[in-house]
Amino acid sequence: MKPVRQTVFYDKEAGIHGDCLVACLASLFDLPIGAVPALNTMGEEWSDAFLTFLNHHGYEYDGQGSIEELKSSKGYVIVCGMAARGVLHAVIYKDGERFFDPHPSDEFLTEERFFYVINRRGGLN
């Protein structure tokens, strides 16, 4: 896991969504941010690109985990929730604890909502 900072930031007036999720994926897969699809620019089609990316790297999306499950999670997970900036944000937790925030503020989340359950295809983690 090599931490990668996000390069695009939310701007409501310009209609720009930040690339925090992209940065989280780049971090977890040890890739440069440009090697991950720009999910933040894809509108409603981002989820298909997300699933394709995971599949290409030998992983699959198994749904969303609850915050109750987060505390007992093992390994790295991408957690989504509200940031102090008032926007939905994605960060990385490890073994149920805060680990890396791709935003330069390093403020993490003020409210955790869910985490992505991502596993190796075939059940191998």
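Predicted model: local features only at pLDDT ≥ 70, side-chain atom pairs only at ≥ 80, totals over all residues.
Residues are numbered from 1 along each chain as its sequence is written, and side-chain values use heavy atoms, with hydrogens and water left out. Local features need pLDDT of at least 70 and side-chain atom pairs count only at pLDDT 80 or more, whereas totals for chains, interfaces and linings use all residues.

Helix α1 spans residues 20-28. Helices (H or I, at least four residues) and strands (E, at least two) are DSSP runs, numbered from the N terminus. Eight of the nine residues of α1 are buried, so the helix is largely enclosed by the rest of the structure. Buried means under 20% relative accessible area, exposed over 50%, and partly exposed in between, with a 1.4 Å probe and protein chains only. The buried residues are Cys20, Leu21, Val22, Ala23, Cys24, Leu25, Ala26 and Ser27. They pack against helix α2 (46-56) and against strands β2, β3 (88-94), β4 (97-100) and β5 (111-120).

Leu28, also in α1, is partly exposed, with a relative accessible area of 25%. Contact means heavy atoms within 4.5 Å. Not counting residues up to four places away in sequence, Leu28 touches Met1, Tyr76, Ile78 and Ile92. Leu28 and Asp101 are 73 residues apart in sequence, yet their C-alpha atoms lie 12 Å apart in space. After α1 comes Asp30, with a positive phi near 55 degrees.

Gln6 belongs to the segment before α1. Gln6 is buried, at 7% relative accessible area. A polar contact is a pair of N or O atoms within 3.5 Å; within protein, one must be able to donate a hydrogen and the other to accept it, and residues adjacent in sequence count only if both atoms are side-chain atoms. The Gln6 side chain reaches the backbone oxygen of Val8 at 2.9 Å. Leaving out residues up to four places away in sequence, Gln6 touches Gly18, Asp19, Cys20, Ala23, Ile33, His89, Pro102 and His103.

Ser73 sits in the loop between α3 (67-70) and β2 (76-82). Its relative accessible area is 9%, so Ser73 is buried. A polar atom of the Ser73 side chain lies 2.7 Å from the backbone oxygen of Leu70. Beyond its neighbours within four places in sequence, Ser73 is in contact with Asp95 and Gly96.

The whole structure contains zero disulfides, a disulfide being a pair of cysteine sulfur atoms within 2.5 Å. The sulfur of Cys24 has its closest cysteine sulfur in Cys20, at 6.3 Å, too far for a bond. Cys80 is likewise in no disulfide; its nearest cysteine sulfur, that of Cys20, is 7.1 Å away. Cys24 is buried at 0% relative accessibility, and Cys80 is buried at 5%.

Rings of Phe, Tyr and Trp (its six-membered ring) pair if their centres lie within 6.5 Å; planes under 30 degrees apart count as stacked, over 60 as edge-to-face and the rest as tilted. The count comes to nine aromatic pairs. Phe29 and Tyr59 form an edge-to-face pair, 5.2 Å centre to centre, with 85 degrees between the planes. This pair links distant parts of the chain: Phe29 in the loop between α1 and α2, and Tyr59 in strand β1 (residues 59-65), 30 residues apart. Phe29 counts as buried at 19% relative accessibility. Phe114 and Tyr116 also pair edge-to-face, at 5.5 Å centre to centre and 85 degrees between the planes. Both of these residues, Phe114 and Tyr116, are buried. Ring pairs link Phe114 and Tyr116 with Trp46, Phe50 and Tyr61 into a cluster.
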